[in-house]
Amino acid sequence: MLALTELGQRLRQERESKGLSLEDLQKLTKIQKRYLLGIEEGNYEVMPGKFYVRAFIKQYCEAIGLDTDAIFEEYKSDIPSTQTEDMPQQLSRVRSRKEIPQHTKGVSKAYDYLPTVLVVAGVVVVGIIIWVIAQNIVSDKNKEQANQEAPNSEVQQSNTQEETNETTAKNDNSNSEDEQSAADKKEQEKEKAEKEKAEKEKAAKEKAEKEKAEKEKKDSGKQEYKEVQKTGRSATYALSGTDAFNLEVTSTQADTWLDVKNGKGNAFFSSILKKGETKEFDLTKETEARVNIGYSPGVELKVNGKAVDLPFDSSKQVRQVVTIQYQPAEAQ
């Protein structure tokens with residue numbers, strides 16, 4: 001096993017102090033575990049190239065909350081300088097004609113007979129169509145002759161039967177109309193009841209939403225959250241005009257390291273906040289809270305249920321520290 005460099009020892013101690021394993025760090029940085037181990041052991045030969053060494057060390061530092069610039073300056077003797085390396089050319093995946101399987105030659109011969117087969121099939125189909133048309137013509141002629149030879153008595157009997165059917169149909173229609181009228185009335189009453197119910201529910205919902213909006217408007221009018229100081233990757237805000245201090249942190253894009261402490265350094269949370277997870281903190285009894293975010297892209301903050309912006313652009317400052325100083329309204 002290789003002896004640890006000073007940089008490797010510093011990184012491993014910081015990682016273990018955060019309670020992170022190499023597997024946890026691999027999830028945070030998306031860097032393979034063997035490369036992370038190589039960084040700690042100073043074994044840069046396992047890297048895919050020297051170009052990646054500095055990039056991997058930078059991601060390692062950001063994930064555990066260390067200042068990258070300070071680390072690079074302090075341990076510059078342990079970190080190789082960036083060098084341009086030629087990337088290996090991709091291997092061609094196009095097979096030559098010699099690699100084409102020989103059994104496809106038999107398929108090519110079969111294609112030579114395809115036109116003849118199609119012609120024969122077409123002749124057979126045309127013959128079947130002509131035969132079907134001839135059968136239909138003969139059947140129509142037979143029906144016409146049978147109709148002409150039918151006796152007049154059958155015509156009279158047919159007329160009498162039609163009259164009887166019409167009378168029965170009228171009676172059936174009368175009964176059906178009465179039943180339909182009763183069904184329509186019942187359906188109308190049902191629709192009326194459902195409409196009244198929907199209107200009541202809508203009115204209740206609108207009333208509740210209006211009361212909620214008025215309450216939020218009233219609360220937001222009192223609460224004040226303003227920036228006090230901003231430097232480096234840290235910013236301080238003042239929260240006033242409210243008797244509550246509730247903090248909500250949500251990670252929407254990826255896992256991130258989250259550390260929440262009060263002004264005395266007591267930790268409320270110090271671990272990985274997984275993607276899609278939300279943590280809530282009641283800090284009403286505290287006068288100050290310090291929020292350390294290891295990977296800020298996709299992280300959302302809410303103070304007393306109201307979303308607040310992060311102090312820095314997450315594309316420029318991946319790690320951000322937000323300090324909130326709280327002064328209750330009753331103390332003002």
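Colleague: Which residue in β5 is the bridge partner of valine 260?

Modeller: Phenylalanine 269 is the bridge partner of valine 260. Before going on: this is a predicted model, where local features need pLDDT of at least 70, side-chain atom pairs count only at pLDDT 80 or more, and totals for chains, interfaces and linings use all residues. Residues are numbered from 1 along each chain as its sequence is written, and side-chain values use heavy atoms, with hydrogens and water left out.

Colleague: What makes β4 and β5 a pair of strands?

Modeller: Two strands pair if DSSP finds at least two bridges between them. Strand β4 (residues 256-262) and strand β5 (residues 267-273) are joined by six bridges and run antiparallel, so they pair by that definition. Strands are DSSP runs of E with at least two residues, helices are runs of H or I with at least four residues, and both are numbered from the N terminus.

Colleague: What lies between β4 and β5?

Modeller: Four residues lie between them in a hairpin, and glycine 265 in the turn has a positive phi of about 90°.

Colleague: With which strands does β3 pair?

Modeller: Strand β3 (residues 246-251) pairs with strand β6 (residues 278-282) in the antiparallel sense over five bridges. In that pairing, lysine 279 is the bridge partner of valine 249. β3 also pairs with strand β8 (residues 299-303), again antiparallel and over five bridges; here glutamate 300 is the bridge partner of threonine 250.

Colleague: Why is lysine 30 called exposed?

Modeller: Its relative accessibility is 68%. Exposed means over 50% relative accessible area, buried means under 20%, and partly exposed lies in between (1.4 Å probe, protein chains only), so lysine 30 counts as exposed. Lysine 30 sits in the loop between α2 (22-29) and α3 (33-41), and its phi is near 65°, a positive value in a residue other than glycine.

Colleague: Is asparagine 304 exposed or partly exposed?

Modeller: Asparagine 304 has a relative accessible area of 23%, so it is partly exposed. Asparagine 304 lies in the loop between β8 and β9 (306-308). Its phi is positive, about 55°, although it is not a glycine.

Colleague: How do you know that lysine 76 and glutamate 73 form a salt bridge?

Modeller: A salt bridge is a side-chain nitrogen of Lys or Arg within 4 Å of a carboxyl oxygen of Asp or Glu. The closest N and O atoms of lysine 76 and glutamate 73 are 3.6 Å apart, so the pair meets the definition. Lysine 76 is exposed at 56% relative accessibility, and glutamate 73 is exposed at 52%.

Colleague: Is aspartate 259 buried or exposed?

Modeller: Aspartate 259 has 5% relative accessibility, so it counts as buried. Its side chain meets that of lysine 261 in a salt bridge (3.9 Å, N to O). Lysine 261, at 28% relative accessibility, counts as partly exposed.

Colleague: How many salt bridges does a search of the whole structure find?

Modeller: The search finds ten salt bridges. Among them is the one between glutamate 227 and lysine 230, with the closest N and O atoms 3.5 Å apart. Glutamate 227 is partly exposed at 43% relative accessible area, and lysine 230 is partly exposed at 38%.
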